[in-house]
Amino acid sequence: MYTRREFGALGALALGGRALPQRLAAQVDSSVGGVQIGVQTYSFRALPRSPGGDQSEAIIQAMTRCRIGDCELWSPMLEPVSGVGRDSSPDARQQARDELRRWRVETPLTHFEAIRDRFTAAGLTIYGFNYSFTDSFSDLEINRGFEI
């Protein structure tokens with residue numbers, strides 16, 4: 001079974017031989033005795049981040065090495081790190097919270113689509129996105145979580 005995007009790419013391949021969809025990468029088979037095994041990416045939280053970036057590439061590499069093909073992606077692993085801790089001043093914590101809120105709401109959806117596409121190209125499937133709401137989330141942040 002192919003998605004519309006895959007079917008269209010296959011059609012283009014048949015016509016012109018130039019378009020090869022990323023989704024045709026070999027899927028990582030992580031079944032054991034017929035049971036599909038996946039991972040919550042929080043398990044990889046200690047992996048390094050790209051400088052000024054997220055942990056998506058480190059997660060992809062770890063999942064590939066572990067031969068785990070399916071995951072629930074934990075949102076903080078894609079978000080910027082503030083460097084502000086619990087011992088920071090209330091003003092510093094609030095400023096960091098406001099910056100994260102702004103990032104969540106203003107980051108284009110294409111940013112997240114590109115991350116998904118990198119997982120797909122590696123043969124990995126994101127089955128869920130763990131975007132855990134708290135009382136501090138604005139309505140815009142909550143809506144954005146559903147869009148992502």
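Me: What does the secondary structure of the chain come to, in helices and strands?

Reply: The chain comes to five helices and five strands, where helices (H or I, at least four residues) and strands (E, at least two) are DSSP runs numbered from the N terminus. Read from the N terminus on, the elements run α-β-β-β-α-β-α-α-β-α. This is a predicted model, in which local features need pLDDT of at least 70 and side-chain atom pairs count only at pLDDT 80 or more, while totals for chains, interfaces and linings use all residues. Residues are numbered from 1 along each chain as its sequence is written, and side-chain values use heavy atoms, with hydrogens and water left out.

Me: Why is Arg144 called buried?

Reply: Buried means under 20% relative accessible area, exposed means over 50%, and partly exposed lies in between (1.4 Å probe, protein chains only). Arg144 has 11% relative accessibility, and therefore counts as buried. In the chain, buried residues make up 29% of the 148 residues.

Me: Where is Arg144 found, and what does Arg144 touch, not counting residues up to four places away in sequence?

Reply: Arg144 is found in helix H5, residues 139–147. With contact taken as heavy atoms within 4.5 Å, Arg144 touches Arg104, Val105, Glu106, Thr107, Pro108 and Leu109, residues up to four places away in sequence not being counted.

Me: What makes the pair Asn130 and Glu72 a polar contact?

Reply: A polar contact is a pair of N or O atoms within 3.5 Å; within protein, one must be able to donate a hydrogen and the other to accept it, and residues adjacent in sequence count only if both atoms are side-chain atoms. The side chains of Asn130 and Glu72 are joined at 3.5 Å, and this pair is listed as a polar contact. Asn130 is found in strand E5, residues 125–130, and, leaving aside neighbours within four places in sequence, is in contact with Gln40, Glu72, Leu73, Trp74, Ser75 and Pro76.

Me: Why does Ala26 count as exposed, while Tyr42 counts as partly exposed?

Reply: Ala26 has 64% relative accessibility, so it counts as exposed, whereas Tyr42 has 37% and therefore counts as partly exposed. Ala26 has its place in the loop between helix H1 (4–16) and strand E1 (31–32), and its contacts, neighbours within four places in sequence left aside, are with Ala122 and Gly123. Ala26 and Leu124 are 98 residues apart in sequence, yet their C-alpha atoms are 8.9 Å apart in space. Tyr42 lies in the loop between E3 and H2 and touches Trp74 and Met77, not counting residues up to four places away in sequence.

Me: Which residues of helix H2 are buried, and what do the buried residues of H2 pack against?

Reply: In helix H2 (residues 56–66), Ser56, Ala58, Ile59, Ile60, Ala62 and Met63 are buried. These buried residues pack against strand E3 (38–40), strand E4 (70–74) and helix H4 (109–121).

Me: How many cavities of 30 Å³ or more are there, and which residues line the largest cavity?

Reply: On a 1 Å grid over the protein atoms alone, a cavity is a set of points where a 1.4 Å probe fits but cannot get out, and lining residues have an atom within 4 Å of a point. By this rule the count is one cavity of 30 Å³ or more, and the largest cavity holds about 40 Å³ of space. Its lining consists of Ser75, Leu78, Glu79, Trp103, Arg104, Phe112, Phe129, Tyr131 and Ile148, which divide into six nonpolar, one polar and two charged residues.

Terms used: 1 Å grid on protein atoms, 1.4 Å probe; cavity = no way out; pocket = protein on both sides within 12 Å on 5 of 7 lines; lining within 4 Å. Points joined across faces, edges and corners; volume = space filled by probe spheres on them. Nonpolar A, V, L, I, M, F, W, Y, C, P; charged D, E, K, R; others polar.
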